Structures are given as C-alpha cells and as structure tokens.
There are 2 protein chains.
Amino acid sequence: VSGFRFSFVTAMRCVTCGREEAFDALPPTCPTCGPIAGTMDVLYDVDAARAELTPDRLRERGDPTIWRYREILPIRNPWVIAPLPVGMTPLYPLDKSFGIRSPFGLRLLIKDETRNPSASAKDRASAVAVARAHEIEAEVIAAASTGNAASSVAMLAASARIPCVIFVPADAPPAKLAQIQAHGAVLFAVEGTYDEAFDLCSAACDAFGWYNRNTAVNPVLGEGKKTIALEVWEQLGFRAPDAMVVPVGDGCVIGGIAKGWRDLLDLGLVDRSPRLIGVQAEGSAALARAWEEGRPRCERVAAYTIADSISVSMPRDQVKALRAVRETNGGLVTVSDEAILEALGLLARRAGILVEPASAAAVAGMIPALERGLIDERDEVVLVLTGHGLKDIGSVRRASAGNEPIRIRPEIGAVERALARRGGERWRS
Amino acid sequence: VSGFRFSFVTAMRCVTCGREEAFDALPPTCPTCGPIAGTMDVLYDVDAARAELTPDRLRERGDPTIWRYREILPIRNPWVIAPLPVGMTPLYPLDKSFGIRSPFGLRLLIKDETRNPSASAKDRASAVAVARAHEIEAEVIAAASTGNAASSVAMLAASARIPCVIFVPADAPPAKLAQIQAHGAVLFAVEGTYDEAFDLCSAACDAFGWYNRNTAVNPVLGEGKKTIALEVWEQLGFRAPDAMVVPVGDGCVIGGIAKGWRDLLDLGLVDRSPRLIGVQAEGSAALARAWEEGRPRCERVAAYTIADSISVSMPRDQVKALRAVRETNGGLVTVSDEAILEALGLLARRAGILVEPASAAAVAGMIPALERGLIDERDEVVLVLTGHGLKDIGSVRRASAGNEPIRIRPEIGAVERALARRGGERWRS
C-alpha cells in the first residue's frame, strides 16, 4: 500500500490503564477509567513518521503553521484545515538585565504565544479540534472555557464556517466576551464558576449531539498544544532546552507540551525532554498541592485568582499534568496574585512584552522555581507566555497603577508643569 | 575598503524639490520645502545592496523579522536593535466565499499585521525609530498618535530601555491607553484632536530635545513600514501582486509600502509595483478628495469616524501618499462608518479575522475599488489589515450587535429554552 498520507495517526491509549481504542472511538475517553482518569493519548505510526519528519525536510517546508508537523497531528484529511494560520510563534531571548534575580549564566527565552490569531496559545488546540469536527462532519462545535479557549474556538469555527456554542463564566474579561460575540458564536454567560460552565457544556454536548472541544475530555486538543514543544525544538536548531516554565490551570498546556517532547523522544529526534515546571496561582493550586503531597489525584479547591485563564477548582487534565512534571523531573510551584501583577508590570515596562495575568504567572514562577532548585542558574529556560495583555486590560491597568494618563490641554506649558511634577530635568535632553 | 556593512543607507532626498541631505541631518526635513512638502526619502547604495539582498540569500536567512532586509533599512549598528521581534506577519488567502461581491477569478490575500507584538502594523515603524533613537543616543523618544503608534513606540522603547513620552487624544480607545501605561511611558491624554496632539508633541520635542517618532516628519518611519511590501514580495515567491488595498489616515503606511516597491524596482528585484489603493473613512477623507480633484495637496477636514486609527484632519504624509497612488496607477476611495462596521462583522463571522475599524475599512473599500475599476475581477489583491480588534472592543461590540451574551443559570433547561428562541432544531445534531 503506498500513496500520500497526511497524518500517521493510528489509535488512542488510556493514560491510566493503557487500554487502546480506535482513534475514532466516541466518547474519546477510556470506558473503564472514566472521564478524568481515562483521558487518552493519541498514538502514531512512529516508524512511518520517522522517515518523513526529519530536520532536513522541515528546513525545506514553507508552511509556518502547526501543520508543518502534520505527520504527528491527528487529522487525516488536509481539506478540513481552516484557512486561518496558527502557530510558529516567535522564540526570542529575554534580556538578562530583565530583573528576575539574574544569576550568572541563566538564559531565558520567551515562547511568545500572544502572536497567535486570537492572541492566545489556545488557537493551537482549537485549530486541531475544529479540523477534527469538520473531518467527522459535526454540525456544531461547543466549548466551555475561562475565556481564551472560547474566543479561540469561536474564531476557528468561524474560519471553518462551523456553528459554535460557547459556555463561559459570566465574569470573564470583557475583551474575551467581545471576541466570542464578534465571531458569531452562540454565547452562554453562565452565572457560576468555570467548573459549572464546563459541566453544563458537557451535558449540552450529550443532549444535543454537539462536538465537544473541551480539553482533557478530547485528546486531540493536547495534540494541538504539543506543537509548542515541536516549535521550540525546531527553533533551537532541533534540540531541547533545559527547562520550560508553563502557567497551569486545567493542566492541558503542560500536558500537551510533555506529549510533544515524548513524541520527539519516540521519533529519536531528541535524547531527553526539558524539565517541565508548572506555575499555578496560590488561589487555584489544586495540581501544585497534589504534586507536593505526592498524591496521584487532585482535591477540589475553591479557585480564586486574578489570573482568570488558570482559575480552576478541579483540574480536568490532572493525570496528564502530573505525569508531565513527574516524568520530566520537573515540578509545580505557586505564586501570589501580587507577584503575578508585579511580574506583569515588570515584563511590560522592562521587556516591552504585554501579557495577561496567567502568562505573568510563568515569569513570577521563576523565583520559587530557582529557590526550590527546579531550575539551575546555568540553565537555558523557555518561558511560555500564553495570552496577550489586550485580553484583560483591567488587570493590565492594575499592574500599571502609578502611571496614570495625565490629562492636559494642548499647550506646551501644561507639558512642562506635568513633567516638573515627575522629576523635571530628567526629561530635558 | 571592505568589511561587514549592516546597512547600505547613504542619504536623504526631498520628495518635492529633490534636494539631497546627509542621512544624519536634523531636522530630517528639507530646509527649502518645510515640514509637509519637504518630507524626505531615504536612499541606499543600490549597487552594493543588489549583491547582498537576493532571493537566494533571503531563503537562507533565519531571522523572521523586518531586519532580514537590513541592507535597505536605515540602521547601521546591529547592536541598537531592540530584542522584541517585529514583522514577518502571515500572508494567507481569504476564502472566495467570504462574501465580498465575489467575482470569478478575484484572488484575495490577507497581510495580517495584527500579529505584530503590539497588535498593529505600527511596530514596524517603531522598531526602526527606536533603533535610530538608540543609535544617535537620544535620551527620550516621543510620539503623537491616534493610539496605535503610541502603544507601539511605548512597547519598543520599553524593550530598548529608552524613556518614552506619548501624546494621544484623550478619547483614544481604552485598550490602547492601557498598553501605553503598562509599558511605562509618560502618557499625556490631550484634550483635543489627534492633530492638536501631533502639534503639541512636535513643540515638546523642539523644546526639550527629544527624539521625534512622528511619521512624515521622520523619514525612517516609512522605511519600517515599507517592510510590508518586502515581505509580501518574498511571501509570494519573490514577485508582486496586482494590487494592494491599504487603510489611509496620515498616509504613512501607503507611502511606506510604495517606497518598498520602489526599492525593489531600483534593485531590479521586480519589474512593476502593484497598484496601491488607499481607503479612507468618509468622515476623514482629505487625501481621497485631493486625489479625486487632482490637487497636489490636501485641504483640512473636520475628521470624524469610528475608525480612530485613520481619523486625521490634515494628513501629515500627504505628499508621499498621493505620490504612492499616482505613480502606481492606483487610487483612493472612501467608505462609510456603517460599511466599516459591516465589514468588521463579516470578517469576524465568516473568516475568523478580528480587526479594528481602520482595518475593516480596507475590506469595505473593495466594493468601491471594484466599482471604479481600480481593481479588476481577475486581480490578485493583498488586503493590509493593520490592527487587531482587541485594540478597540467598543467598536467590535457595535459590529456584533444582535449577538449578545445570553445570561443563564448553570442548568441544561436554560440552554434548551435559549436555543429554542434562536431557531430550535438547528442546534440539535
């Protein structure tokens, strides 16, 4: 049998009991282990993929999107991919003088996920989920989200012209709600928590036969997120950094990144994975607690943090997230909302990088990660910044307190007086 | 004389009288023709650049930023470039079924400038201006702006650690103000129009010796913007499209794009420029009127449009803008605010692309451009989308009227009742 194959996807395997299922099985969770313990890994024909997905081939590929890694993405039909390009975001150094306690030798790199079309990393997962929904001819795609995944799936569903239904907590940031509205999705603002919105979405998918984009339940999502790892590998010249620092709520992004490195190990394209270090907000730290206490599962918390994107009471992708940090010799740390806002402001003022609070958590998490020895002072560390500050300007303003706009009439005298109050001579070159 | 040369910049030439000045001359406008008629073109050693800037060399260059075209950018010292990557934004097809009156053969491509770090095309100009300010050891960089240029220069100044002072109209969209605040610039919210903020900024630069980022006055800005043309040329496989459609306020972007194609013509890398078609809002159409009436200069208008980024009473870069459309056999058209909002909504709902009103003007402008024969139905047309919708969620919401969030309690019955009101069976697969 020969001929062009777009993807080498073969099957799914339960993360807990190892049971294999056909890739097309529905629901896409293990019938034995249930929806949380029984999330699935997507498997590929590694020998076939190894012959195609080589550094030399990649250097020749023009396509600067996630689909350059099509052999190990779970979509078989190239015609179902939405036209909006996603992925191949920049990787660049963060100046050493940035202001994190700056040890000699530490090399920090930013993986800048704010450059995706909806301005967050969720576009990677949504691109794969929407293609999959198209491939199985789903009539409606649905998602529950703290806001970013929802705005992302609404956008990609619009690009693919698939009707979309969204469930978000009613207190999601206004910019995220505006994105969802604009892309034409039916938008349910649920009077409750993210966890309640998630459960309501799952119930509605069961009741109405919709395609469920929700991560953890749906293993193709993590396959989209793993492309962060594949790109970092390629952008570093086909090698792994020492560590990656990732904001963690449900655990999907860190779980997806771990899968990316595992695929590269299976393909013989790297000889080790970076240590994966997850950062949670103190008020939403179910995974960090489970990891610290050595427990295999999370206990529910009452999540409350300014970092809405990682505000989760019961992490849905907890098995994959805990496996990600354990198998890579990484760990989980927590940061306060104050530390998050401070990191947000520092990053904007000293590096020109504007992110939402969840992303700033990754930067703030460097301090406890160094203190606990999860990061060494000679390491090369990739910080994953998952969402743009424009998605939450309320928090951006809080992080900018003390630098308020100065209202003046259009007169040079008013400028002089205002500058004098700000320190005078400094402003005269 | 041999050795590595980063840039082949040589001099400046007045767009009106042709007088040449040293590249370092200050102020950077023609002493004979004054600040509006006497804007300058930046010149390069074309023979030297021709040997270096070839398609083969570009294919081998890894750097996915504007600096891949360093030979024809006006910065001589590589060490002054801010670390934040700018440019090499995606170029991708807009589906033919998008909904613009869709003539057989018309090929539409999006040049997606929303993917720049501050989410607008202004980052290209700011990157060059901030590098130049650094190169001449300016102690402060200042800018007046309707919002996007200001948030962009504040961001790049932060990345380069140069103090920054900004002047914007006090009614600029909140997201743009939040960006400027966050990046630590001194932010003057001027109680007046953009034009008044512009004049105040110029007066302050004169009074305090600051480096002035204001376009038109400063020719290095257009050199940044021309990289849009250079990238389109490279992304199309080193050739020109038939036409480019560009939102126009001050005229800097269209003037810069024209300069890019002129440089490629001078280098022998293309044999023609695309027709450049500028789109203005009806309420801010000084350039379109001058072009229609065949006048060499604009008359002041009382600008009022929802598209804040192109709301300009007296276009500062009018000489270059009018030259751009005349020398490329292009033109200028106008669109109403209603057409802008309609295009914004269509683009978001049918293509998954969320832009601010100024960018939507480019899409709306396709209709009059086709009607007037500026675009032919068999053309390949690049639409330049200059800024992300997240920069102006008030306008995004207006364009989404009729698709309001549906507040519900977390109960499946509430979902069913709401969907029934929306058309019932459609939502049951």
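Contact means heavy atoms within 4.5 Å. On that basis, 100% of the interface residues of chain B are also interface residues in chain A, so the copies meet through the same surface. This is a predicted model, in which local features need pLDDT of at least 70, side-chain atom pairs count only at pLDDT 80 or more, and totals for chains, interfaces and linings use all residues. Residues are numbered from 1 along each chain as its sequence is written, and side-chain values use heavy atoms, with hydrogens and water left out.

**Symmetry.** Chain B superposes on chain A by a rotation of 180 degrees with 0.0 Å of shift along the axis, at RMSD 0.0 Å. That is the relation of a two-fold axis. In chain B, B:Arg115 comes closest to the axis, at 2.6 Å (C-alpha).

**Cores.** A nonpolar core joins buried Ala, Val, Leu, Ile, Met, Phe, Trp, Tyr and Cys residues through side-chain atoms within 4.5 Å. Buried means under 20% relative accessible area (1.4 Å probe, protein chains only).

| Core | Residues | Members include |
|---|---|---|
| Largest | 277 residues | A:Trp261, B:Trp261 |
| Another, apart from it | 25 residues | A:Leu200, A:Cys205, A:Val312, B:Ile408 |

A:Trp261 and B:Trp261 have the most contacts inside the largest core. Leaving aside neighbours within four places in sequence, A:Trp261 touches residues including A:Trp233, A:Arg239, A:Met244 and A:Leu276.

**Helix α10(A).** Helices are DSSP runs (H or I, at least four residues), numbered from the N terminus. This one covers residues 252-266 of chain A. Of its 15 residues, 13 are buried. At 1.5 Å a residue it should span 21 Å, and its end C-alpha atoms are 21 Å apart, which agrees. The expected span is 1.5 Å times one less than the number of residues. Just after α10(A), A:Gly268 takes a positive phi of about 75 degrees.

Methods: Chains are lettered from A and ligands numbered from 1 in the order in which they are written. Helices (H or I, at least four residues) and strands (E, at least two) are DSSP runs, numbered from the N terminus. Buried means under 20% relative accessible area, exposed over 50%, partly exposed in between (1.4 Å probe, protein chains only). Copies are superposed by least squares on the C-alpha atoms of residues with pLDDT of at least 70 in both.
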